[in-house]
Amino acid sequence: MTQAEFRRAQTLMIYWHDGELTAENYLESRSTDSEADNAVAVDGQAVELLEYFTDWSTVDKVAAGLGEFDAGSVHDAVGALVDAGLLLDRTAAEREERFLRAWRDWGEEARFFHFGTRNTIYTGDSLEQRRSDARWVRETGGTPPAIFKSYPDAPRVYLPRAFLPLADPFGDVLTRRRTHRVFTGAATSLAQLSTVLFYTFAPMQLYDAGDLGTLMLRTSPCGGARHELEGYVAVLDVQDVPPGLYHYNAEAHALELVDAAFDRDRLHRLTYESEMCTPSAFVCFVTVVFERTMYKYRHSRALRVTLLSAGHLGQTFVLTSTAVGLGAWQSAAFRDEELDSALGVDGFAEGSLYMFGAGDPVLAETGMPAGITRARLTDPARLVAPHPADERAGG
């Protein structure tokens with residue numbers, strides 16, 4: 001170790017946790033068989049020592065520059081930092097550099113979230129397993145969070161339960177679904193809106209989950225049936241529904257007025273002046289009620305499941321919209337804090353996550369959405385990446 005060179009990990013996060021300064025190399029591999037925490041408590045001297053390894057250096061060279069410390073103690077401290085994955089040797093650094101090249105276009109936040117939640121243990125009596133079943137609820141107590149949200153004092157539009165038939169063959173709906181960006185401006189019918197919202201957000205069944213309370217079952221899958229996603233609807237041009245921003249009450253199948261003044265100008269601002277969102281007949285904003293997930297799943301990997309659940313919900317929305325003759329789209333391009341404010345949520349207990357909308361689509365002669373051209377003559381070489389062996393052989 002005396003002659004070996006080390007440098008500080010570039011995939012290193014330092015933060016306060018439970019009153020301690022904590023450092024973690026989120027790229028460090030974790031066992032999926034036994035629990036181990038990659039994060040370790042550090043003090044000011046450890047942070048200062050890491051600074052000495054910003055570039056490649058040996059322990060002896062660093063120890064010589066720290067004359068106030070015994071060389072043996074510096075060696076021990078460096079060894080501890082290496083064991084914690086905070087200092088890397090050449091082999092570990094090569095792996096890190098490959099990662100940073102592959103993820104060069106995404107920021108530290110995405111890297112930390114994805115790799116910091118990898119290799120979670122789900123077997124035996126692991127921490128994640130204990131925090132994912134009813135035993136945790138029995139041990140910690142508490143009241144299950146409400147599965148429905150409502151605005152009891154808000155004016156309501158009760159939606160009809162005479163739903164449009166979803167009679168088209170599933171294969172036809174599946175292959176007809178496209179992302180639409182151009183709309184005719186014709187109003188969406190009340191029956192179309194009611195059908196889409198019901199099959200996207202409303203419960204199809206309720207069931208007794210014991211210690212976990214009464215849970216709903218939607219048409220979309222959701223981890224643990226937590227169904228933490230709420231729907232808000234910006235009504236812009238729907239027959240028999242006054243324009244405005246509403247909350248969809250999934251229990252009552254009703255729209256609850258949040259902001260009667262919400263209009264296309266406000267939507268245009270919130271969605272970064274999107275030419276796709278603003279002309280829609282209606283837009284759904286999806287929020288997360290975080291407590292619904294956290295009540296059962298008290299580990300960070302559960303946020304991945306919430307994101308997946310939003311994707312499932314979005315697919316249900318666009319397929320149902322397609323089935324009732326609408327053109328739909330989905331997007332995550334919105335001004336988060338401004339949208340939270342418009343919806344009246346704080347972003348902490350409940351926050352914006354996703355949005356999708358629909359309207360009467362403009363179709364090209366091919367049946368494709370307006371502005372989309374079918375591919376004709378295509379060079380296959382442009383579609384398939386060359387095999388490494390072919391490259392080495394010169395083609």
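Predicted model: local features only at pLDDT ≥ 70, side-chain atom pairs only at ≥ 80, totals over all residues.
Residues are numbered from 1 along each chain as its sequence is written, and side-chain values use heavy atoms, with hydrogens and water left out.

**The largest cavity**
- The largest cavity has a volume of about 40 Å³, a volume being the space filled by probe spheres set on grid points that are joined across faces, edges and corners.
- Its lining is made up of R218, S220, P221, C222, H227, E228, L229, S309 and L313.
- By class, four of these lining residues are nonpolar, three polar and two charged.

**The second largest pocket**
- This pocket holds about 300 Å³ of space; a pocket is an open set of points with protein on both sides within 12 Å along at least five of seven lines, and lining residues have an atom within 4 Å of a point.
- Of its 16 lining residues, Q45, A46, L49, S73 and A77 lie nearest the centre.
- β4 (40–41), α1 (44–51) and α3 (71–83) each give two or more residues to this lining, with α3 giving the most, five.
- Helices (H or I, at least four residues) and strands (E, at least two) are DSSP runs, numbered from the N terminus.

**Salt bridges**
- The whole structure has 12 salt bridges, each a side-chain nitrogen of Lys or Arg within 4 Å of a carboxyl oxygen of Asp or Glu.
- R90 and E5 meet at 2.5 Å, N to O, linking helix α4 (residues 90–102) with strand β1 (residues 5–8) across 85 residues of the chain.
- E350 and K149 pair at 2.6 Å, N to O; E350 lies in strand β15 and K149 in the loop between α7 and β7, so the pair ties together parts 201 residues apart in sequence.
- Both E350 and K149 are buried, meaning under 20% relative accessible area, with exposed over 50% and partly exposed in between (1.4 Å probe, protein chains only).
- R7, E96 and E97 are linked in a network of salt bridges.

**Helix α9**
- In α9, 10 of the 12 residues are buried, so this helix is largely enclosed by the rest of the structure.
- Among the buried residues of α9 are L190, L193, F198 and F201.

Terms used: 1 Å grid on protein atoms, 1.4 Å probe; cavity = no way out; pocket = protein on both sides within 12 Å on 5 of 7 lines; lining within 4 Å. Nonpolar A, V, L, I, M, F, W, Y, C, P; charged D, E, K, R; others polar.
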